[in-house]
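Here are my notes on this one, for someone opening it for the first time. Have the viewer ready and follow along point by point.

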Amino acid sequence: MDAELSRKRSGRRDQLSQFYGLQDNQKNDVKSKSPNSGGRRTSVRELTAHNNHNPLDINSPGFDPDMFVNKLVKEGSLSQLMSQEKEIVNQIKGLDSDMQTLVYENYNKFIAATDTIRKMRVDFKSMEEEMDQLAESMSSITQFSNQISEKLRSRRQEVATLSATHSTLQKLECVLELPDRLKESVQDEQYTKAIQYWNKANVSLQYYREMPSFAGIQEDCEQIINDIRHKLELRLEDPSCDPEQLVEAVKLLRQLGNNTEDLINSFLAHQAVKLREHLEQLDKQIKIVKDPTKHLGSDSVVMMDSLEFIDEASAGFVPCLADTATLFYQLFGDVADVELILNEWIEEHLARYLDLVKERLSLDKEERESVILVRALDRFYKKLTAALRAITGLDVAHSILEVVLAVTQACVEYTCVKMEAELRENVLAARQTIAAPSRRLGGSGSTAGGSGSEEPGIGNTNSSGSTSGPGLELMDMVSNLQEQIVESLRNALARLKMFTDPQLTFCGNATFRNRFSRDLIWNSVFLKQFWFIRDTCHKFTGDVTVPPALLLLLSRTCLGLHLSTISYLAKYTQEEFSLPDSPNTSKLTVAMSNTSQLLLERYVQVVSHDLSLLLGKSVEARDWLSTVEPRAVRAVMKRIVDDVNLIDSQVGQLYEEGQKKPRSGESTRRLGGASRARSVFSNYGNLDSSLATNIQKLFSERIDFFTPVKPTKVSVLTLIIKLGLKTLLECVRLKTFSKYGLQQIQVDCHYLQLHLWKFVEDEDIVHHLLDEIMYSAVLRSLQQPPVLMEASVVEVICDKV
């Protein structure tokens, strides 16, 4: 007994020690009394001071206050002493405050512990009394239970038999009353209750079916159930049946044992009728938009924009489709392959819906409908995706996205068509500006073909050189055309930028972003537009009616696109649409460069052909044997020089000057080559055959007339002048000249030499060609030896011009 009392007291002591935290303190005291602790818990600094036994350290056990004060008074200043005093006073106050707080807390804990112990004594005393009462009650209950079991043991079998008999009688009563209950339920249209009665009593009927009385009851009940089945099946055939009645019918028919596959087909057929009604309404709206004149005057017809169309579809078809899926899982969720059956049915009807949406939204591809169209696409994608997300195993996200991309592509194609039309209009406007009568060089044309002209119609044969006057600024037209191309593309991209708004739901799809930026924007807009520009410019190279100035303008435009515009717009497109890869425009720029070169070559071909035609007719239309003594340069030569000046002005506006070879002296240019061919022109009769042969070799040095043209002014002019003078040379070789005819050729060549040398890369080309023309005319002169005019006279005649 004493040991038990001692154990209880020890346990209570431990609990109180744990409550007041005395156990931790005792452990700490034990630790502090260890040899390493010095009898109390110390910090590292205190332990160090203890080991050092520094008498000046206030935290050291060997602290000497007198020594500390004397040292402080001796070494410290007044301010240090006052500071030290203030610090010690503050520390004393702090320690005093901590001690008071500790005493107060312990006092409160002791008071609380006293109250707790007092309450525990009262509570434990009442608890012991209640436990004693509970034990007595349980003992009494056990005793009574045993007595009852002993008394009922002999009658237990009788009670079980009576209970079974009562249950059988209740079942028989239910069977006998079943026909009446079924009829009442049918009259009240409580088919669920009727089938519950039937299912409950059907087991008993099957058990007693051999008895005649029960056989009649079963026949009556089966007839009523068949009537109920027929009415429920009629619900599946009625399109106006509400969903609640439809669900009830399917559930009850399944309980009656109808074939599940037939019920699935009937249910889906019922829902398909509703979906077709919604689809017919949408199709009707599309027909109204396509041809609104057929539906004018009809009050029942309301034309919807694309956003209203999507709202109509989202409020009709989409909820009906989602409700069908929900009801289907609710009714046939336990059927095998239920997902496959439902998904095939949904995909079949959804495909038609997606086609209608794509067709309707594609009709609103014009620019004024873009904002509404983008909102409609976003609403279509968001609502349909959300409605079908809950359907297990249905993956139509790709099909929905394809509709968005198809509608977007329709907008892109319309935008491209519009840009192409704008380009055609701009090129046509440039062509009309170039060909405008106010831009024609009428003065030179009238002079060349005016009254008294020796070459009738020559002035009207030049279809190129006089197509634009000196007031026409081709460079401004090139700049305007380039700016129109840039502005047209930027406007198109700005319109299509609406499809990349981060707030749009479908823009969060990475597949859409990649295909839109790469396939639609880059390939179908950017590259397609510039390839169209290339192809459009290519067509002008085969058009014989195109003004040469337009060829020159387009050539310089393509060169500008090649040099800077394509790279600028490519970078702009990449930044605006975050293209996944850096755009590669090398193939496009090379194509533009080749197109520019082709147009420039075509320009040279057309202009040189017109000049050659003018020079050829000027030689062929004149009777060189009856020519009078020359007193002036022929008008056609003036026309040639004016046209070359005009060509120089046109090309100079668009292309750089280019490099020229160092020119000869002034005397060589002014004398018209007399220093090189005086013996040919003035002293022909004194020439022997060998000297004439050497001179012929000199003027027959090979000149390449088909060198590639470079995008510089001197290169273009050199090639045109070479081809023109080559034509003049060949025409002169086919004629025979009298004395004055030869002298007229001499005057014309000198005039051409005075003016044409400054346009070419190497002035010796002009000198050689003109000397060869003159040499050919000398050989074909009827008067031998030929008589040429004095150089001074030739200069006087040429200076009069």
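1. Start with the aromatic cluster: ring pairs link Tyr381, Phe499, Phe506, Phe512, Phe516 and Phe577. Rings of Phe, Tyr and Trp (its six-membered ring) pair if their centres lie within 6.5 Å; planes under 30 degrees apart count as stacked, over 60 as edge-to-face and the rest as tilted.

2. A word on what you're looking at. This is a predicted model, where local features need pLDDT of at least 70 and side-chain atom pairs count only at pLDDT 80 or more, while totals for chains, interfaces and linings use all residues. Residues are numbered from 1 along each chain as its sequence is written, and side-chain values use heavy atoms, with hydrogens and water left out.

3. Searching the whole structure turns up 14 aromatic pairs. One of them is phenylalanine 267 with phenylalanine 328, a tilted pair at 6.2 Å centre to centre, with 40 degrees between the planes. Phenylalanine 267 sits in helix H10 (residues 260-290) and phenylalanine 328 in helix H12 (residues 317-332), so this pair ties together parts 61 residues apart in sequence. Phenylalanine 267 is buried, at a relative accessible area of 0%, and phenylalanine 328 is buried with a value of 0% too. Buried here means under 20% relative accessible area, exposed over 50%, and partly exposed in between (1.4 Å probe, protein chains only).

4. Now look at helix H13 (residues 338-362) and helix H14 (residues 370-388): their axes come within 11 Å and cross at roughly 170 degrees. That makes H13 roughly antiparallel to H14, a label for angles over 145 degrees. Axes are lines fitted to C-alpha atoms, for helices over the stretch in contact, and angles run from 0 to 180 degrees between N-to-C directions.

5. Who makes that contact (heavy atoms within 4.5 Å)? From H13, Leu350, Tyr353, Leu354, Val357 and Leu361; from H14, Leu373, Ala376, Leu377, Phe380, Leu384 and Leu388.

6. Overall, the chain has 28 helices and zero strands. Helices (H or I, at least four residues) and strands (E, at least two) are DSSP runs, numbered from the N terminus. Of the 801 residues, 40% count as buried.

How values were computed. Angles under 35 degrees count as roughly parallel, over 145 as roughly antiparallel, 65 to 115 as roughly perpendicular and the rest as oblique. Contact means heavy atoms within 4.5 Å.
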